[in-house]
Amino acid sequence: MNKFILATLCISISSVAAKAQQNSDWNSIFSKINQEVQSNSKAYATLKVATETIGHRLTGSENGKRAEEYAYNLLKSYGYKVHYQPFKVEGWSRGALEVQVGTINNLQPVKSVALAHSPVKVDLKGELVDMGNGVEEDYLAKPGVVKGKLALVYLGVLPGSAPGTKGLHRSEKTALAIKYGATGIIVINTVPGGVLLTGTASVTGKLIPIPAVCIGYEDGLKFKEILKNGNLFSQIKMVNFSGMIKARNVIATLKGQELRREKIVVGGHLDSWDLATGAIDNGIGSFSVLDMARTFSSLHLKPKRSIEFVMFMGEEEGLLGSKAYVDRAIKNGSVNQLRYMLNYDMTNDPKGYSSSSAESKDLFQSIGNIASKIDTTFKNVFSSGAGLHSDHQPFMLQGIPTGGAAEGTLPNNSGRCYHADCDLFNLVDEQGMKNTVRFNSMLIYGLADADQIAAKHLNDAETKSFLIKNNLKEPLKIAGEWRWGD
């Protein structure tokens, strides 16, 4: 036999044998993970304690500080070497708000909530203009109509909108209102029943020049109907706080056994808005990550690569903690060690895995194949793509592969309580959290222990092409985060 062919055949046989041994090891380890989480998970219990004893977890607040300490002490009790990663940024918190809408001489109070990063002090009165979905096409269709007036926009995409109408984030809709000269913006929530939504109206995480408020679905549709044939005016009075705040990411590190300098970051944002306890957003994600860390420690798992379990603060106010993490990694050069970032934001009862990298499919599904044999409710679906507005974003913009869970469902119709005053612990499902922890602990271990990871750390040109392919150029340009200039 040709020596080259013989050598190639030996290498191939060796590779197959190594992979078979790896899969055999994973079968055993994944079974242990499954049993440990099903029997001993603390995700649900610790989230219950946090919601009852801390309440909301607003970044920069005393509650936020207590949440940071709670996560730190919990991770330390699991046997980790834990450290804070402090950062100092401009923060925002709400004060008094009064919104009225009606005819010019008969304004009536409207139930409302301020959107974050609205100005510190406002007393504004002006005409209200219906700007539909609040996307660029709506402003181009009515040139100049909103200048010097208040824009009324729908949070999502209105029924009956033109096919292909893009859904933009509330901050991007606010940026467009500012661009076209609006003096204020009133956002209509999509959820019936008078539910109000908060969240940032700033694409930069800094103060915006106009007031932004959210009103209920029913009030908003009523005003839209009146504006078809008549005029409406609005007065907004608000007082808010904006200033430098201190916050801390909480990081627990598990050192790798062989590829120690390669790092898998596993994160979820610990902070929440202040209207409720943030049990769903993002208690179910962040406390699942805390329990993933507990699971690894309890089973003494030792994969090849290092893992950092990170509780990010400031996600709700503009990805502040994850941006601080990535900025620091760029400055100290450790960004090149970041091999993957897995993000868990409102994750519950997943049925598969997701990745920004299509090249990860084989690895992720080989992990999921073992998981699905352990429990057939896990369907081992794989989705590939990219989006914005969570803590994976700063990593993705540096070309780092990102991923996490796929095809989960929120429990108990809790989607309607997103960023709202009904986001409370009674919405949480214990088994849903256990499913997040066990199936994604398997993913984390497999990713950290794999001999090779096909997904590459993209260079700058490759990152640009990836973002364009995933239709993210426009929203990134609106946000001022498109660094390529064209």
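Student: At what angle do helix H2 and helix H7 pack?

Tutor: This is a predicted model. Helix H2 covers residues 43-53 and helix H7 covers residues 279-298. Their axes lie 9 Å apart, and the packing angle is about 130°.

Student: Which term describes H2 relative to H7, roughly parallel or oblique?

Tutor: H2 and H7 pack at an angle of about 130°. Angles over 145 degrees count as roughly antiparallel, and 65 to 115 as roughly perpendicular, with the rest beyond the roughly parallel range counted as oblique. The angle therefore makes H2, relative to H7, oblique.

Student: Which residues of H7 does H2 meet?

Tutor: From H2, the contact involves Ala43, Thr46, Leu47, Ala50 and Thr51. By class, the contact of H2 with H7 has 6 nonpolar, 4 polar and 1 charged residues. The partners in H7 are Ala279, Gly283, Ile284, Phe287, Ser288 and Asp291.

Student: Why is H3 roughly parallel to H7?

Tutor: Helix H3 spans residues 62-77, and its axis comes within 10 Å of that of H7. The crossing of H3 and H7 is right-handed. Angles under 35 degrees count as roughly parallel. H3 is therefore roughly parallel to H7, because the axes cross at roughly 20°.

Student: How many residues in the contact of H3 with H7 are nonpolar?

Tutor: H3 brings Tyr70, Ala71, Leu74 and Leu75 to this contact. H7 brings Phe287, Leu290 and Ala293. The contact of H3 with H7 has no polar and no charged residues, and its nonpolar count is 7.

Student: Which element gives the most to the lining of the second largest pocket?

Tutor: The second largest pocket holds about 460 Å³ of space. Of its 21 lining residues, the closest to its centre are Val89, Leu320, Lys323, Ala324 and Asp327. Strand S1 (81-103), helix H8 (320-332) and helix H10 (393-396) each give two or more residues to the lining. With 8 residues, the element that gives the most is H8.

Student: How many residues in the lining of the second largest pocket are charged?

Tutor: The lining of the second largest pocket divides by class into nonpolar, polar and charged residues. There are 8 nonpolar and 4 polar residues, and the charged count is 9.

Student: What is the volume of the largest cavity?

Tutor: A search of the whole structure finds 1 cavity of 30 Å³ or more. Among the residues lining the largest cavity are Trp273, Asp274, Glu316 and His419. Its lining has 4 nonpolar, 4 polar and 4 charged residues. The volume of the largest cavity is about 60 Å³.

How values were computed. Residues numbered from 1 in each chain as written. Predicted model: local features only at pLDDT ≥ 70, side-chain atom pairs only at ≥ 80, totals over all residues. Heavy atoms only, no water. Axes fitted to C-alpha atoms, helices over the stretch in contact; angles between N-to-C directions. Helix = DSSP H or I, 4+ residues; strand = E, 2+ residues; numbered from the N terminus. Contact = heavy atoms within 4.5 Å. Nonpolar A, V, L, I, M, F, W, Y, C, P; charged D, E, K, R; others polar. 1 Å grid on protein atoms, 1.4 Å probe; cavity = no way out; pocket = protein on both sides within 12 Å on 5 of 7 lines; lining within 4 Å. Points joined across faces, edges and corners; volume = space filled by probe spheres on them. Left-handed = near helix turned anticlockwise from the far one by under 90°.
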